[in-house]
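Biologist: I would like to go through this structure by question and answer. Please end each reply on the value or name I ask for.

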Amino acid sequence: GSDAAPEASADAAPDGVVPCVPGRFTFELALTQLMFVVDRSRSMRFTLEGQENFPRRLWRWTLLQNALRSTIVTFDDQIAMGAKFFPEAMTSIGATPQQACRTEPGIGIAPARGNAQAILDVFDDTLPLGGTPTAQAIRSAASFLTQTRSTSRTIILATDGAPNCNGDLNAD
């Protein structure tokens with residue numbers, strides 16, 4: 001055995017020693033932040049079987065919206081939900097590779113209670129077009145979430161395929 005004192009964790013060092021104080025205290029549940037990182041690439045217009053030119057109700061995009069609608073609304077007042085959709089919204093198919101993979105820093109919807117409908121509205125207000133810049137979207141979401149402490153933070157990635165916006169990666 002060693003006589004050396006155990007090292008304090010990195011989180012404990014800035015707070016210092018806090019004396020015990022008797023009394024009655026009110027506790028609140030810690031806020032949970034849930035960030036959806038959602039693929040809005042052109043392939044989200046395909047069916048689950050990978051076929052295109054089918055009605056919108058069969059698109060992966062619509063199926064994802066329906067799945068979220070049946071789950072996140074239930075927790076709307078309990079969980080701070082936000083979303084980062086990628087790539088940025090586009091209006092036409094004839095985009096350059098840079099436009100098709102454009103992902104702005106930051107997020108579209110900051111996590112807050114009551115955001116379920118705002119997240120679901122993005123599915124109705126935008127169309128899936130462009131590439132799949134997954135890494136940049138995850139970096140943006142993670143960067144935003146790490147700005148807060150004492151919060152349970154989770155990222156849920158919803159994508160239908162491999163990232164295709166990094167020319168340095170082997171697509172195979």
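Modeller: Contact here means heavy atoms within 4.5 Å. The model is predicted.

Biologist: Leaving aside neighbours within four places in sequence, which residues is valine 73 in contact with?

Modeller: Valine 73 sits in the loop between helix 1 and strand 2 (80-86). Its relative accessible area is 43%, so valine 73 is partly exposed. With neighbours within four places in sequence set aside, the residues in contact with valine 73 are Leu68, Ala116 and Leu120.

Biologist: How far apart in space are valine 73 and glutamine 117, C-alpha to C-alpha?

Modeller: Along the sequence, valine 73 and glutamine 117 are 44 residues apart. In space, the C-alpha to C-alpha distance between valine 73 and glutamine 117 is 7.5 Å.

Biologist: In what order do the elements of the protein run from the N terminus on?

Modeller: The protein has four helices and four strands. Read from the N terminus on, the order of these elements is β-α-β-α-β-α-α-β.

Biologist: Is helix 1 roughly parallel or roughly antiparallel to helix 3?

Modeller: Two packed helices are described by the angle between their axes and the distance between the axes. For helix 1 and helix 3 (residues 116-125), the axes are 10 Å apart and the angle is about 165°. An angle over 145 degrees counts as roughly antiparallel. Therefore the relation of helix 1 to helix 3 is roughly antiparallel.

Biologist: Does helix 1 pass helix 3 in a left-handed or a right-handed crossing, and how many nonpolar, polar and charged residues does the contact have?

Modeller: The crossing of helix 1 past helix 3 is left-handed. Helix 1 brings Trp61, Leu64, Gln65, Leu68, Arg69 and Ile72, which meet Ala116, Ile119, Leu120, Val122, Phe123 and Asp124 of helix 3. By class, this contact of helix 1 with helix 3 has nine nonpolar, one polar and two charged residues.

Biologist: Is glutamine 65 buried or exposed?

Modeller: Glutamine 65 belongs to helix 1. Apart from neighbours within four places in sequence, glutamine 65 is in contact with Leu120, Phe123 and Asp124. The cut-off for buried is under 20% relative accessible area. The relative accessibility of glutamine 65 is 5%, so this residue counts as buried.

Biologist: What separates the C-alpha atoms of alanine 118 and glycine 82?

Modeller: Alanine 118 is part of helix 3, and at 33% relative accessibility alanine 118 counts as partly exposed. Glycine 82 is 36 residues away from alanine 118 along the chain, and the separation of their C-alpha atoms is 8.9 Å.

Biologist: How many salt bridges does a search of the whole structure find?

Modeller: Side chains of opposite charge can pair when their charged atoms come close. The cut-off is a nitrogen of Lys or Arg within 4 Å of a carboxyl oxygen of Asp or Glu. Over the whole structure, the number of salt bridges found is four.

Biologist: Which residue meets glutamate 52 in a salt bridge?

Modeller: Glutamate 52 lies in the loop between strand 1 (32-39) and helix 1 (60-72), and the partner, 10 residues apart, is in the loop between strand 1 and helix 1. The salt bridge has an N to O distance of 2.9 Å, and the partner is arginine 42.

Biologist: How far apart are the closest N and O atoms of lysine 84 and glutamate 88?

Modeller: Lysine 84 and glutamate 88 are both buried. In the salt bridge between lysine 84 and glutamate 88, the closest N and O atoms are separated by 3.2 Å.

Biologist: Is the peptide bond from phenylalanine 86 to proline 87 cis or trans?

Modeller: Proline 87 is in the loop between strand 2 and helix 2 (97-100). Most peptide bonds are trans. From phenylalanine 86 to proline 87, omega is near -5°, and the bond is cis.

Conventions. Residues are numbered from 1 along each chain as its sequence is written. This is a predicted model: local features need pLDDT of at least 70, side-chain atom pairs count only at pLDDT 80 or more; totals for chains, interfaces and linings use all residues. Side-chain values use heavy atoms; hydrogens and water are left out. A salt bridge is a side-chain nitrogen of Lys or Arg within 4 Å of a carboxyl oxygen of Asp or Glu. Helices (H or I, at least four residues) and strands (E, at least two) are DSSP runs, numbered from the N terminus. Buried means under 20% relative accessible area, exposed over 50%, partly exposed in between (1.4 Å probe, protein chains only). Axes are lines fitted to C-alpha atoms, for helices over the stretch in contact, and angles run from 0 to 180 degrees between N-to-C directions. Angles under 35 degrees count as roughly parallel, over 145 as roughly antiparallel, 65 to 115 as roughly perpendicular and the rest as oblique. A crossing is left-handed if the near helix is turned anticlockwise from the far one by less than a right angle, and right-handed if clockwise. Ala, Val, Leu, Ile, Met, Phe, Trp, Tyr, Cys and Pro count as nonpolar, Asp, Glu, Lys and Arg as charged, and the others, Gly among them, as polar.
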